[in-house]
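Please keep the sequence and the model in view while reading.

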Amino acid sequence: MLELKNVSYNVDEDGGEIEIIRNVDLEIGSGKLVVVTGPNGGGKSTLAKLIAGIIKPTEGRIYFNGEDITDAGITERAQKGIAFAFQQPVRFKGIRVYDLIRIASGKRINTAEACTYLSKVGLCARDYINREINSSLSGGELKRIEIATVLARNAVLSVFDEPEAGIDLWSFTNLVDVFRKIRESSEERSILIISHQERILETADEIVVLRDGGIGAFGRREDILPGLIGTSSAVSACSRLASEGRI
Amino acid sequence: MVKLDEIQKRLMAEVADLHKVPEGAYNLRVNGESAGRQSSENIEIVSKTDVSGLEIHIKPGTKNESVHIPVVLTQSGMKETVYNDFFIGEDSDVLIVAGCGIDNCGEQDSEHDGIHRFFVGKNARIKYVEKHYGSGTGRGKRILNPGTEVYQEEGSTVEMEMVQIKGVDDTVRTTTAELKEGAKLTVRERLMTHGSQNAVSTYVISLNGNGSSADVVSRSVARDDSYQKFDARIIGNAPSHGHTECDSIIMDRGRILAVPGLEANDLDAELVHEAAIGKIAGDQLIKLMTLGLSEQEAEEQIINGFLR
């Protein structure tokens with residue numbers, strides 16, 4: 001489904017070039033749930049942005065269902081079936097939750113249909129459907145709405161960049177269910193999640209460990225996960241909340 | 001009632017959402033003449049005798065009624081100044097829809113200057129909607145200079161919605177208000193300018209009564225080579241609350257000047273001004289593009305939402 005061939009991404013800084021992603025080869029098959037983990041600063045979010053087309057690789061090619069999409073823009077990739085959930089959701093003035101879900105679905109949908117996506121992320125649809133996506137919403141609410149917009153896209157490949165960030169424990173449990181349901185809904189649809197949460201890693205079919213911009217390890221969950229437990233690449237939900245100062 | 005042509009009908013629909021003769025009291029003004037008028041049992045519309053314009057008398061206690069007084073100009077080169085006075089009786093609750101549409105296909109400038117005065121009785125409540133719209137391909141400018149004066153008695157509430165989205169070349173809008181005890185004024189202004197248009201909006205609001213309050217929020221978009229000036233002044237002469245907000249998006253070579261003006265003449269006057277001007281945020285465009293919209297479609301959605 002998605003194939004990265006020798007992909008590198010460099011940025012210019014202080015007169016020199018810094019490698020953020022280097023020579024990554026990666027293949028994500030149909031119907032797979034793949035979690036990308038690794039230490040902070042390892043290039044995880046950059047990898048997600050390269051796939052969504054928000055940034056373009058310095059070297060290498062990206063293929064989607066056999067087609068070279070390296071030069072395709074964000075819109076074109078979205079239309080081909082790649083969805084992307086931002087780590088930090090964007091706020092808008094005047095655009096309502098309903099508007100965003102409608103745009104995401106790509107068709108005229110009624111309020112009841114839009115509400116089903118909100119319910120899936122644990123929001124009482126009636127309270128949110130007409131809210132503006134502005135600073136009156138909390139970080140956690142925005143994050144769940146962000147995930148709802150990606151669900152509404154019914155995309156072939158959904159990429160979630162740290163979906164658990166800013167979400168409370170109760171929602172977190174539901175979030176894991178959401179991924180499981182997408183996964184079970186079709187054998188064609190794949191999910192790529194950037195996360196170092198143990199609970200999310202446990203749901204993966206395959207795990208990628210990204211370290212210093214390169215692939216440190218890639219394989220089946222049962223082969224990779226045991227080696228990650230207890231490291232920063234697989235933290236438990238409680239330790240995450242503790243590190244955020246919330247318990 | 002005078003028969004309207006297609007352009008005039010379209011302008012009526014744009015400025016007053018009128019697709020047929022409205023219910024309740026109305027006066028339709030077309031090219032300087034009345035094209036239809038109706039008073040109701042509680043709302044009387046009469047022509048002024050000294051100058052061009054109307055007097056609208058709303059009886060005390062009138063509830064859930066509306067007045068429509070749209071104006072359209074389709075003759076190139078027409079210039080008019082109209083004085084409309086609204087006398088709103090105590091304890092009434094009414095909707096007033098004004099607005100002006102100009103279609104200028106000619107070479108000469110067309111101009112409508114509407115001076116509206118509102119005398120709002122004790123505990124009365126009005127919602128005032130004013131839309132401006134211009135169309136036509138002529139080189140003659142479409143000019144609208146509305147002047148609005150509001151005098152609010154004790155406990156009255158005025159809610160104003162001012163909208164100018166398209167086609168008006170030149171606007172100087174002046175709004176003044178004087179509020180007595182417990183009176184409340186809210187203004188929502190939405191403005192978009194394009195081409196080489198020029199728009200100036202000035203507010204001077206005097207909070208004279210104990211517990212009076214005003215909230216003026218302007219959202220605007222300046223595209224192409226257009227220019228806007230938003231000048232909002234609130235004067236707190238009594239224990240009162242005042243808030244103004246100017247939130248603007250600039251595009252292309254558009255320019256905006258926001259002038260905050262707060263004057264507190266009473267220790268218990270609480271006045272706040274907020275202003276923000278900037279281009280469309282890049283991450284907003286990217287987010288909508290990841291949902292499948294083109295950059296241009298994303299821009300339209302952001303602007304439409306912003307001016308909603």
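The sections below treat the basis of the model, its strands and helices, its backbone angles, and its charged residues.

## Basis of the report

The model is predicted: local features need pLDDT of at least 70, side-chain atom pairs count only at pLDDT 80 or more, and totals for chains, interfaces and linings use all residues. Residues are numbered from 1 along each chain as its sequence is written, chains are lettered from A and ligands numbered from 1 in the order in which they are written, and side-chain values use heavy atoms, with hydrogens and water left out.

## A sheet in chain A

Helices (H or I, at least four residues) and strands (E, at least two) are DSSP runs, numbered from the N terminus. Two strands pair if DSSP finds at least two bridges between them. Strands of a sheet pair through backbone hydrogen bonds, either parallel or antiparallel.

In chain A, four strands form an open sheet in the order E2-E1-E4-E5, with antiparallel pairing. Strand E2 (16-28) and strand E5 (67-68) of chain A stand at the edges; each has a single partner strand, so one side of each is left without a neighbour in the sheet. Nine bridges connect E1(A) and E2(A) in the antiparallel sense, and Val7(A) stands opposite Val24(A) in E2(A).

## Strand E9 of chain B

Is strand E9 of chain B mostly covered or mostly uncovered? Strand E9 (residues 110-120) of chain B is mostly covered, as eight of its 11 residues are buried. Here, buried means under 20% relative accessible area, exposed over 50%, and partly exposed in between (1.4 Å probe, protein chains only).

E9(B) pairs in the parallel sense with strand E7 (residues 79-88) of chain B over 10 bridges, and Lys79(B) stands opposite Glu111(B) in E9(B). With strand E11 (residues 142-144) of chain B, E9(B) pairs in the parallel sense over three bridges; Ser110(B) stands opposite Arg142(B) in E11(B). Six bridges join E9(B) to strand E12 (residues 147-152) of chain B, and these strands run parallel. Tyr151(B) in E12(B) is the bridge partner of Phe119(B).

## Buried parts of chain A

Helix H1 (residues 44-52) of chain A is mostly covered, with seven of its nine residues buried. Among them are Leu47(A), Leu50(A) and Ile51(A). Just after H1(A), Gly53(A) takes a positive phi of about 90°.

Ile191(A) belongs to strand E8 (residues 190-194) of chain A. Ile191(A) counts as buried because its relative accessibility is 0%. The C-alpha atoms of Ile191(A) and Gly31(A) are separated by 7.8 Å, although these residues are 160 residues apart along the chain.

## Positive phi angles in chain B

Most residues other than glycine have a negative phi. Asn64(B), a residue other than glycine, has a positive phi near 50°. Asn64(B) lies in strand E5 (residues 63-68) of chain B and counts as exposed at 73% relative accessibility.

Asn123(B) is not a glycine either, and has a positive phi of about 55°. Asn123(B) is placed in the loop between E9 and strand E10 (125-135) of chain B. With a relative accessible area of 47%, Asn123(B) is partly exposed.

## Salt bridges

A salt bridge is a side-chain nitrogen of Lys or Arg within 4 Å of a carboxyl oxygen of Asp or Glu. By this rule, the count comes to 30 salt bridges over all chains. Asp99(A) forms a salt bridge with Arg96(A), the closest N and O atoms being 3.0 Å apart. Asp99(A) is buried at 4% relative accessibility, whereas Arg96(A) is partly exposed at 24%. A network of salt bridges links Arg96(A), Asp99(A), Arg102(A) and Arg308(B).

Arg180(A) and Asp177(A) meet in a salt bridge of 3.2 Å, N to O. Both lie in helix H7 (residues 169-185) of chain A, three residues apart, about one turn of the helix. In chain B, the side chains of Glu189(B) and Arg173(B) meet in a salt bridge of 3.9 Å, N to O. This pair links distant parts of the chain, with Glu189(B) in strand E15 (residues 184-193) and Arg173(B) in strand E14 (residues 170-179), 16 residues apart. Glu189(B) is buried at 4% relative accessibility, and Arg173(B) is buried at 4%.
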